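User: I am new to this structure and would like to understand the terms used to describe it. Could you take me through them one at a time?

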Amino acid sequence: MKALKITVMVDGPYRVSGASQITQLFIQPDAQGISWSYRKGKSFPLKEEGSALCRCGHSANKPYCDGSHQRIAFDGRVAATRAEYAQQAELQEGPVVALSDAEKLCAFARFCDAGGQIWHLVEQADAESIALTVREAEHCPAGRLKVWDMQSQQPISKEPDTPSLYLLEDPQWGCSAAIWVKAADVLEVEQGKPYPVRERMTLCRCGASSNKPFCDGSHASIKWQDGL
């Protein structure tokens, strides 16, 4: 498998190489209306040698770039810190497990809400609460949350190891969400310093994030839809 490489072009699209497709992934709520699972939708082909994906949110040919960023004079300047995850995250210790939380990475997918929210669950010692804590961290697309064993101080929430790309859709909020990147090898910025890659990253595709290139949940507040 080729290395998954993403380049953030200056005021332009994402240049993606090493992937053959990008697939819709719909956030599915449980009976209480809380984000619980994912459902796959349509897949869109990509050229492994390189494809341009819309970053400004205005392309008429989503998920691909059609040059609309030039027409609207898109300001795509990146503002996110290049600090490693460990430098961004705060640690909350419970009796059995600990939770590291890099809040700035939140993409508003809301998988952390079940069972009274993950920050409450981590304070519990029963097996059911611990299992739910781990599940919620693993379902967080942005990689904001990680769960650690207090005794061994080793991570127990699993990270994806197969490179893949998804177009997140949030029907409960009536909007489209971020590009979910799993296990990328490179995240670089044209004419700029690269970002440390994480196993889970959510990239803004509505154009409104204040934490570019990462999603900050702005798609929900503006009810952005990709029309797919």
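**Terms and values**

User: What share of the contacts in the chain joins residues 24 or more positions apart?

Analyst: Counting a contact as heavy atoms within 4.5 Å, and taking contacts with a separation of 6 or more, residues 24 or more positions apart account for 58%. This is a predicted model, in which local features need pLDDT of at least 70 and side-chain atom pairs count only at pLDDT 80 or more, while totals for chains, interfaces and linings use all residues. Residues are numbered from 1 along each chain as its sequence is written, and side-chain values use heavy atoms, leaving out hydrogens and water.

User: What makes the radius of gyration agree with that of a compact globule?

Analyst: The rule, 2.2 Å times the number of residues to the power 0.38, is applied to C-alpha atoms; for 228 residues it gives a value near 17 Å, and the chain has 17 Å, so the two agree. The C-alpha trace spans about 55 × 40 × 30 Å along its principal axes.

User: What share of the residues is called buried?

Analyst: Buried means under 20% relative accessible area with a 1.4 Å probe, protein chains only, and 50% of the 228 residues are buried.

User: Which residues have the most contacts inside the largest nonpolar core?

Analyst: A nonpolar core is a set of buried Ala, Val, Leu, Ile, Met, Phe, Trp, Tyr and Cys residues joined through side-chain atoms within 4.5 Å; the largest has 25 residues, with Y14, L165, I179 and V181 having the most contacts inside it. A second, separate core has 15 residues, including A137 and C140.

User: Which residues does V181 touch beyond its neighbours within four places in sequence?

Analyst: V181 is in contact with L4, I6, S164, L165, E199, R200, M201 and L203.
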